[in-house]
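Dear colleague,

Please read them alongside the coordinates.

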Amino acid sequence: MKICPGNKGFTLIELLLAIFIFGLVISTVYSVYHATFLVVNTTGEKMEVAGRARVALERIHEDLFSLFLGKAGFFSGEHHENSGMDSDGLSFFSSLHISFKKGEEGSGTALIEYFVEEDGKTGLLNLYRSDRVFLPGIKMEKEKRQKYLLCDRLKGVRFLYYDVDGVQHDEWHSDGEQTVDDEKNKFPAMVSIALRFDNSAADDDVTVFTTAVALQRKK
């Protein structure tokens, strides 16, 4: 085989230099792709969390806004902690009953309850809502309530209560037996709600969503 003297192959240094440049280009492209993927993924998770928070807060807002203010009105807010996380509960009579059963009346006074339970798999908190029609003379047992998951993957649920003078309270308890002097403070003037969502996939440990509801007052 005849070899032309003008045809030369690549030297070892040239091959190493080409491999180095190729590796540098691939590394740069991968870094840009990885950063873009993280931004898209984090943004998607934040939007999903924000959507769940909006649904939960709107549901609580509508229930509180329809608070039953009659003489037999009832409102109870309790502060609890579960594994070091706020796990507050709230219950009251509302005129906004939501029926999930076929054939059940879709209106009337109902006992609304919000309560928190720990998820055994994740160690995070689940917020549940219970809605039961109030029937005078019939005892309403907690064991028989049907719960509906309102929000999950939480690291805290906090309710705070403010009286007509603007004083903050961690808990609130009232029933239908207050005297006339206590009537103005039978129900809180405002309730603030804070939901703390797990955000361990992002830079922040938690994402907090808050709102406040000014309750209607009897004229």
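Phe115 and Tyr128 are both buried, a term used for residues under 20% relative accessible area, with exposed meaning over 50% and partly exposed in between (1.4 Å probe, protein chains only). This is a predicted model, in which local features need pLDDT of at least 70 and side-chain atom pairs count only at pLDDT 80 or more, while totals for chains, interfaces and linings use all residues. Residues are numbered from 1 along each chain as its sequence is written, and side-chain values use heavy atoms, with hydrogens and water left out.

Rings of Phe, Tyr and Trp (its six-membered ring) are taken as a pair if their centres lie within 6.5 Å, and are called stacked with planes under 30 degrees apart, edge-to-face over 60 and tilted for the rest; five aromatic pairs are counted on that basis. In one of them, Phe115 and Tyr128 are stacked, at 5.8 Å centre to centre and with 20° between the planes. Phe115 belongs to strand β5 (residues 110-118) and Tyr128 to strand β6 (residues 125-133), 13 residues apart, where strands are DSSP runs (E, at least two residues) numbered from the N terminus.

Phe197 and Phe209 form an edge-to-face pair, with 5.7 Å centre to centre and 85° between the planes. Since Phe197 is in strand β10 (residues 190-198) and Phe209 in strand β11 (residues 206-214), this pair ties together parts twelve residues apart in sequence. Phe197 is buried, at 0% relative accessibility, whereas Phe209 is partly exposed at 22%.

Finally, Phe75, Phe92 and Tyr161 form one aromatic cluster.

Best regards

Technical notes: Helices (H or I, at least four residues) and strands (E, at least two) are DSSP runs, numbered from the N terminus.
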